[in-house]
Amino acid sequence: MNINPVKLILMILVSSSLISCNGQGKPEPENAEIIPFEIGKKVTELDNQIWKVYQDTKGDFWFGSNGKGIYHYDGKKLKQFTTSDGLVHNQVRGIQEDTKGNIYIETPIGVSKFDGTKLTTLKVIKSPDSKWKNEPTDLWFNGIGDYLYRFDGEWLHDLSLPRQDSLLYSMDPNMPLEEMQYNPYTVYGIDKDRDGNVWFGTINAGAFRFDGKSFLWIGEKELSTLPDGRVPGVRSMIQDKDGYFWLSNFYSKYKINPDPSKGYEKVKAVALPKEIVKDKILYFNSGITDKEGNLWMTTYGGGVWKYDGESLSNLEIHNGIETILLVSIYQDSNGTLWLGTNNDGVYKQNGEAFEKFVPKV
């Protein structure tokens, strides 16, 4: 049988292509190294504005900045994650972890989840299903903004605090809520007490405690607009050894009555020596209860305050050049205290003092 020379050439070309394609389908050698793609970039130092410090269950530290994203430090290397890596916003307002080890990064416009490999933005649901609940594994977010979210492991439920019938102090009763300069119910802080109740501090509507079924509202004058016009807001809620709650101020403390119908008791928080409190702002923006039951609180330009159950003491933080502007305080798994600042990175407790933290990389 005679074959046309042109057809013969075509047959040879087709056969060569098939052999080539079949060769590409062969599995990789067993000793081939597959290098996974890693997000984030290695850096050598933290930004000066570090507002949040957090230690995860692995012992690694996370540092949230006020505009440069979030940093991860494992004791050897420091990595920075920003919007270029999928972070929803570069201003970090909170850091949490779930029971599976996922890290949640709270920002003014939303929440990002880091699963160890990638960053994703959590989806928000606002529907009749977004009911108020308080499950042990729930995470709560506010971002110091106009939103309040409960995360059930799958969805961010968009919630609103209950409006109060009684008028808020110094507010115009005839002005609709939407026409006010700001929403007085904007949540500034979220904390949990020893019994698992959730506390919400607001910009001008006092504080709310949610026990999973009902709310208790504390709407005292010192938690709203002050006589001089300042609006300090309730940013932090901590519980002392005696069960009293300190709601962002040194003037009063509050104890919840076991009978919900009887509300709460309000008493003077602590004696305030004039030589200590002179020219100090007596409202704290962040606080924790340490392992011994002492209260530690930070004020923006007034240093760190400690209450041991009897007296209040103050420690100013300086770097030799300027006063350190404190934003937050955090206690790690070893009981060591950390300070987030607005002008000098992070400070770490060293004995009775605090010193600038520099990651070793």
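Student: Is strand β2 mostly covered or mostly open?
Tutor: Strand β2, residues 50–55, is mostly covered, with five of its six residues buried, where buried means under 20% relative accessible area, exposed over 50% and partly exposed in between, using a 1.4 Å probe and protein chains only. Strands here are DSSP runs of E with at least two residues, and helices are runs of H or I with at least four, numbered from the N terminus.

Student: What kind of model is this, and how are residues numbered?
Tutor: This is a predicted model, in which local features need pLDDT of at least 70 and side-chain atom pairs count only at pLDDT 80 or more, while totals for chains, interfaces and linings use all residues. Residues are numbered from 1 along each chain as its sequence is written, and side-chain values use heavy atoms, with hydrogens and water left out.

Student: Back to β2: in which sense does it pair with β3?
Tutor: The two strands pair in the antiparallel sense over five bridges, pairing being counted if DSSP finds at least two bridges between two strands. Within this pair, K52 stands opposite G64 in β3.

Student: Next, where does N66 sit?
Tutor: N66 is found in the loop between β3 (61–65) and β4 (70–73), and N66 is buried, with a relative accessible area of 15%.

Student: Which side chain does the N66 side chain make a polar contact with?
Tutor: The partner is the side chain of R93, at 2.8 Å; a polar contact is a pair of N or O atoms within 3.5 Å, where within protein one must be able to donate a hydrogen and the other to accept it, and residues adjacent in sequence count only if both atoms are side-chain atoms. Not counting residues up to four places away in sequence, N66 also touches Q49, W51, N90, Q91 and N342, contact meaning heavy atoms within 4.5 Å.

Student: Switching topic, which residues touch the most other members in the largest nonpolar core?
Tutor: Of its 25 residues, these are L46, W62, F63, W338 and V346, a nonpolar core being a set of buried Ala, Val, Leu, Ile, Met, Phe, Trp, Tyr and Cys residues joined through side-chain atoms within 4.5 Å. β2, β3, β4, β5 (78–81) and β7 (103–107) each supply at least two residues of this core.

Student: Which residues does V346 contact?
Tutor: Leaving aside neighbours within four places in sequence, V346 is in contact with residues including I50, V53 and F357.
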